[in-house]
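Thanks for coming, everyone. I'll take you through one chain, piece by piece. Have the picture open while I talk.

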Amino acid sequence: ANVRVIPSIKLDYNLFLQYAEQKPYDKFWKYVPEGINDYIFQSQTHIVGLRYTIGNKSFGNISYSYLRDEFDSRLFELPADFDEAIRDANGDPVRREDGSVLTCRNAGTLRRNYLDECKLNDGYQSPRLGSLVGQNASSVGGNWLGSDEQQTVTHTIVADFSSQLDRIHLMKAGILARLHNIENLSYGIEKSITTQFTAQVSPNPFSENALVANPIEFSAYVQDKMEFEGLIVNAGLRFDLFDPDYDIPIEWQQADQAEIVDPNNPDATISNRKAAPIRTQLSPRLGIAFPISSTGVMRFSAGMFFQIPSLSLLYTNPEYEKNPASSSVQFGNPELKPERTIAFEVGLQQGLTENIGMELTLFAKDVRNLTGQEIERDPRGDFLVRWINTDYGTIRGLTLSIFQRPAGLTSWTLDYTLQFAEGTSSDPGLAFERELAQLDQILSLTRLNWDRRHVLNGTFTLTPYEGFNVTFVGRLRSGEPYTSLRSSTISSSSGFGFVRSTEVNNADRPWQFFSDLRLYFKPKVLKYDVQLFLQVENLFDTRQQYNVYATSGRADEAPEQGLAGPVGGVNTLDEWFFNQDWFGGPRRVSLGLRLGI
């Protein structure tokens with residue numbers, strides 16, 4: 001909805017609501033899908049915007065948005081009394097330090113102290129059914145024993161202002177602020193002698209993780225677009241800031257201890273926590289464009305970019321717990337530096353005919369501060385693993401596009417991208433995986449997991465008359481890389497086996513072809529804005545292979561199947577080695593009606 005308050009001021013409001021429920025696919029639970037948790041997504045977004053003009057040469061925008069995202073992973077609905085107040089021995093409600101009443105639903109890290117008050121639905125895998133499950137077998141009973149609750153509220157403020165100062169200079173400036181409120185809780189469900197065989201929140205403190213954080217993002221920029229005769233220059237400067245709003249250990253070797261011995265006074269203790277630093281960056285940007293012919297333009301751009309690491313890396317194991325029964329522990333790191341990317345791009349746009357044009361773009365990116373792992377051992381010899389900024393990546397390539405502008409009955413586009421993406425690590429967790437596998441750490445550049453070498457895209461649109469068009473979209477791309485395993489006779493005692501390639505990501509998955517059809521029809525005889533649409537995904541019903549066996553390079557071939565032992569369950573060996581989630585979906589047809597008011 002929008003309303004013009006006065007001729008120079010326009011106010012608008014938008015509301016978006018989403019709700020979805022689904023069950024993920026899990027090969028191990030294929031025979032008991034009712035034992036898999038429901039995934040419940042819901043969100044609401046409110047956006048209020050104000051647009052204003054000042055004279056004929058200046059205008060600006062101010063907007064505020066409220067986003068509330070919620071995700072729940074649970075199998076059963078919570079009991080009706082799960083929201084009731086937890087009471088002490090005298091029957092009085094237990095309260096937090098701020099005076100709010102503690103309930104079973106929001107008990108958080110205190111919940112483990114009130115197990116009798118927080119009973120859950122009964123669900124577990126019986127010993128009889130569990131005995132049927134063995135090697136290469138799917139479960140035939142039971143259910144997931146865990147729950148996850150995530151809620152993120154984000155307040156976003158955006159303001160920008162543009163002014164044409166004179167014939168040459170167009171100045172732009174703006175700010176963006178995002179204020180997040182994150183409340184996550186995950187916990188296990190246990191039915192054992194410890195819980196008197198009643199299914200409830202596990203009393204094991206290491207089965208629960210609670211996170212409350214309020215990170216802040218802020219950025220501001222200023223830009224000057226200068227138009228000279230035969231030359232356009234865009235010069236700008238951007239400031240970025242990120243505050244993770246979290247404490248980190250001072251001594252990581254004792255991260256699980258909130259208090260440690262004062263090294264200057266062995267008889268006293270000091271806090272082992274300090275606030276994570278606020279990260280900032282100034283990023284210059286420059287773009288230049290100039291004509292080289294009556295129908296050709298050359299352009300160049302360079303700039304620095306600021307990318308916040310995934311919040312899951314910052315807040316992994318948010319309570320810095322160390323389970324003494326485990327031989328390793330992974331710590332998040334809220335003091336991670338944001339990724340810093342320096343990007344260059346050179347482009348040529350050239351008209352070939354009145355309606356056909358081409359564009360050639362060469363690009364290169366240098367990415368620093370990628371997240372890797374630091375691996376240490378504590379005095380017991382257990383692994384202490386922490387996210388740190390250690391990895392580096394580089395991306396370079398070119399894109400060639402040829403296109404026909406919409407004119408008459410048909411229009412089309414065709415583009416090809418060649419890309420080389422290399423780095424010291426594709427996966428932040430790769431270092432620890434290689435440590436456990438007793439493999440050498442990667443010290444040189446190797447292909448990144450998402451290095452897709454070739455991509456060819458094409459579209460063809462047919463418009464027989466106004467209000468009706470049909471578009472075909474085709475995409476052909478090479479597969480992503482993987483590290484192969486080759487067959488080898490290890491020894492007479494070991495027999496036939498597989499040896500991992502010493503070169504990381506030395507082979508490619510199969511090529512993938514995608515085809516979609518989109519049809520839109522807007523009847524001219526109707527006075528309302530009505531549009532019919534038909535969308536067909538995977539028009540030719542091709543089977544895409546997203547993941548493969550490292551021994552064969554295919555999703556439908558597994559040489560190790562011939563070496564597998566007898567199945568310890570009701571499924572066959574062929575069923576076990578067929579992973580449905582490694583393949584893309586079949587043809588999908590959607591028919592709909594869009595009504596504009």
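Start at Phe-521: its bridge partner in β30 is Leu-532. This is a predicted model, where local features need pLDDT of at least 70, side-chain atom pairs count only at pLDDT 80 or more, and totals for chains, interfaces and linings use all residues. Residues are numbered from 1 along each chain as its sequence is written, and side-chain values use heavy atoms, with hydrogens and water left out.

Back to the strands. β29 and β30, the latter covering residues 529–537, run antiparallel to each other over six bridges. Two strands count as paired if DSSP finds at least two bridges between them. β29 itself spans residues 512–521, and it also pairs with β24, residues 468–477. That pairing is antiparallel too, over ten bridges. Within it, Arg-477 stands opposite Gln-512.

Now the whole chain. It holds four helices and 31 strands. Both are DSSP runs, numbered from the N terminus: helices are H or I with at least four residues, strands are E with at least two. The chain has 597 residues, and 35% of them count as buried. Buried means under 20% relative accessible area, exposed means over 50%, and partly exposed is in between, with a 1.4 Å probe and protein chains only. The exposed surface comes to about 33800 Å², with carbon and sulfur atoms supplying 55% of it. Those areas come from the Shrake-Rupley method with a 1.4 Å probe; for residues, only the protein chains shown count as cover.

Contacts next. A contact means heavy atoms within 4.5 Å. Take the contacts between residues at least 6 apart in sequence: 64% of them join residues at least 24 apart.

On to the cores. A nonpolar core is a set of buried Ala, Val, Leu, Ile, Met, Phe, Trp, Tyr and Cys residues joined through side-chain atoms within 4.5 Å. In soluble globular proteins, nonpolar side chains tend to be buried together. Which members of the largest core touch the most other members? They are Leu-211, Tyr-246, Trp-252, Tyr-315, Tyr-320 and Phe-331, out of 20 residues in that core. The elements giving two or more residues to this core are β8 (209–213), α2 (311–314), β17 (328–331) and β20 (383–407). Look at Tyr-320. Leaving aside neighbours within four places in sequence, Tyr-320 has contacts that include Tyr-246, Trp-252, Arg-273 and Phe-331. Apart from this core lies another, of seven residues, among them Ala-558, Phe-577, Trp-582 and Phe-583.

Arg-543 lies over the face of the Phe-583 ring, 4.7 Å from the ring centre. Lys-27 does something of the kind: its charged end sits over the ring of Trp-576, 4.1 Å from the centre. The test is NZ of Lys or CZ of Arg within 6 Å of the ring centre and within 35 degrees of the ring normal.

Stay in that region for Tyr-546. This residue is in the loop between β30 and α4 (573–577). Tyr-546 is partly exposed, at 36% relative accessibility. Not counting residues up to four places away in sequence, Tyr-546 touches Arg-477, Arg-509, Gln-512, Phe-514, Trp-582, Phe-583 and Gly-584. Its C-alpha is 8.5 Å from that of Asp-581, 35 residues apart along the chain.

Asp-541 lies in that loop between β30 and α4 as well. Asp-541 is not a glycine, but has a positive phi of about 55 degrees. Asp-245 also has a positive phi, near 50 degrees. Asp-245 is found in the loop between β10 (231–243) and β11 (247–249).

Last topic: aromatic pairs. How many does a search of the whole structure find? The search gives 18. One of them is Tyr-52 with Phe-161, stacked, 6.5 Å centre to centre, 20 degrees between the planes. Tyr-52 lies in β3 (residues 38–54) and Phe-161 in β5 (residues 146–164), so the pair ties together parts 109 residues apart in sequence. Tyr-52 is partly exposed at 22%, and Phe-161 is partly exposed at 31%. Tyr-465 and Phe-468 are stacked too, at 5.6 Å and 20 degrees. For the cut-offs: rings of Phe, Tyr and Trp (its six-membered ring) pair if their centres lie within 6.5 Å; planes under 30 degrees apart count as stacked, over 60 as edge-to-face, the rest as tilted. Finally, Tyr-39, Phe-41, Phe-71 and Trp-144 form one aromatic cluster.
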